[in-house]
Amino acid sequence: MTINCAIIDDEPLAANLLLSYAKRISYLNVTGTYNSAIAAMKELRERPVDLIFLDIQMPELSGLEFAKILPTKTRVIFTTAFNQYAIDGYKVNAMDYLLKPISYDDFLQSCNKALEEFISYHAHISKTEKNNRFIFVKSEYKLMRINLDDILYIEGVKDYIKIYFDNGDRPVMSLMNMKRLEENLPAPEFLRTHRSYIVNMMKVKVVDRLRIVFNNVYIPVSDSYKDDVQGFLDSHTLF
């Protein structure tokens with residue numbers, strides 16, 4: 001398992017020390033280091049991480065204040081030179097609290113604690129998702145159960161969506177908005193490749209010049225969605 005994390009500390013030496021520690025731990029992937037919560041805010045909003053090593057005393061916006069506006073799924077390990085903040089840290093559901101100067105052993109122990117919690121959380125989510133991998137859509141005055149694992153791709157046709165299946169079953173049409181459907185499908189398993197297409201990326205076997213090929217059907221990838229599709233492909237490509 002990989003934990004994507006960020007380091008936020010206004011002291012360069014402290015941030016660099018944590019970065020050096022993190023590089024020694026195989027399951028940590030540091031996506032960025034920042035010298036303030038303000039500097040981190042926009043980027044972390046667009047590309048959330050699993051875990052943040054967050055200094056408490058910082059100018060403009062303190063770590064405690066920043067933690068209160070983070071997504072609930074983003075966990076925090078506070079780092080500070082002042083132990084009087086420990087209680088406040090736990091009030092914002094901090095995963096742990098590291099007192100500076102931070103030793104590698106303390107850092108590793110805290111990271112292992114985080115790893116155990118993430119493994120437990122994802123095991124629970126996976127079990128829940130496995131039992132809920134279907135949706136119902138209205139089609140021809142009936143409610144049709146659609147198993148997510150059977151979907152090959154989805155096409156938007158004016159005000160309708162058309163669901164195609166990998167087993168060759170007749171496509172199902174439903175009066176539905178593509179955006180609403182996209183929001184209710186798990187990503188990155190299902191990715192929007194074009195304003196008119198959503199693809200089950202688990203079913204993709206051939207990509208030809210950034211067009212997804214299903215037998216004799218070529219599904220386009222538009223510029224608006226190219227980065228997401230290319231990112232998925234890159235994460236599963238061996239060079």
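The following dialogue works through selected features of a predicted model.

Student: Which strands form the open sheet, and in what order?

Tutor: The order is 2-1-3-4-5, and the pairing is parallel. Strand 2 and strand 5 stand at the edges with a single partner strand each, so one side of each has no neighbour in the sheet. From one strand to the next, the twist averages 20°.

Student: How many bridges join strand 1 and strand 2?

Tutor: Strand 1 and strand 2 are paired in the parallel sense over 6 bridges.

Student: Which residues of helix 2 are buried, and where do they lie around the axis?

Tutor: A helix can be read by its sides. In helix 2 (residues 37-46), the buried residues are A37, A40 and L44. They cover an arc of only 60° around the axis, which puts them on the same side of helix 2. Their packing partners are strand 1 (3-8), strand 2 (28-34), strand 3 (51-55) and helix 3 (63-68). K42 and R45 are exposed and belong to the face turned away from the buried side.

Student: Which strands pair with strand 8?

Tutor: Strand 8 pairs with strand 9 (residues 160-165) in the antiparallel sense over 6 bridges; within this pairing, E155 has K162 of strand 9 as its bridge partner. Strand 8 is also joined to strand 12 by 3 bridges, again with the strands running antiparallel. Here Y153 has V199 of strand 12 as its bridge partner.

Student: How many aromatic pairs does the structure contain, and what does one of them connect?

Tutor: A search of the whole structure finds 7 aromatic pairs. One of them is formed by Y153 and Y197, with 6.3 Å from centre to centre and 50° between the planes, a tilted arrangement. Y153 is in strand 8 (residues 151-157) and Y197 in strand 12 (residues 197-200), so the pair ties together parts that are 44 residues apart in sequence. Y153 and Y197 are both buried. Elsewhere, Y21, F53, Y104 and F107 make up one aromatic cluster.

Student: Where do charged groups sit over aromatic rings?

Tutor: Two cases may be inspected. R24 lies over the face of Y104, 3.8 Å from the ring centre. The charged end of R145 sits over the ring of F134, at 3.8 Å from its centre.

Student: What surrounds L191?

Tutor: A residue is placed by its element, its accessibility and its contacts. L191 lies in strand 11 (residues 190-194), and its relative accessibility of 10% makes it count as buried. Apart from neighbours within four places in sequence, L191 is in contact with Y197, I198, V199, M201, D228, V229 and F232. The C-alpha atoms of L191 and Y153 are separated by 9.5 Å, although the two residues are 38 residues apart along the chain.

Student: Which backbone geometries call for attention?

Tutor: Most residues other than glycine have a negative phi, and most peptide bonds are trans. Against that background, the peptide bond from K100 to P101 is cis, with omega near -5°; P101 is in the loop between strand 5 (96-99) and helix 5 (104-130). The bond from A187 to P188 is likewise cis, with omega near 5°, and P188 is in the loop between helix 6 (178-183) and strand 11.

Note on methods
Residues are numbered from 1 along each chain as its sequence is written. This is a predicted model: local features need pLDDT of at least 70, side-chain atom pairs count only at pLDDT 80 or more; totals for chains, interfaces and linings use all residues. Side-chain values use heavy atoms; hydrogens and water are left out. Rings of Phe, Tyr and Trp (its six-membered ring) pair if their centres lie within 6.5 Å; planes under 30 degrees apart count as stacked, over 60 as edge-to-face and the rest as tilted. Helices (H or I, at least four residues) and strands (E, at least two) are DSSP runs, numbered from the N terminus. Buried means under 20% relative accessible area, exposed over 50%, partly exposed in between (1.4 Å probe, protein chains only). A charge sits over a ring if NZ of Lys or CZ of Arg is within 6 Å of the ring centre and within 35 degrees of the ring normal. The arc is that of the directions from the helix axis to the C-beta atoms. Contact means heavy atoms within 4.5 Å. Two strands pair if DSSP finds at least two bridges between them. Axes are lines fitted to C-alpha atoms, for helices over the stretch in contact, and angles run from 0 to 180 degrees between N-to-C directions.
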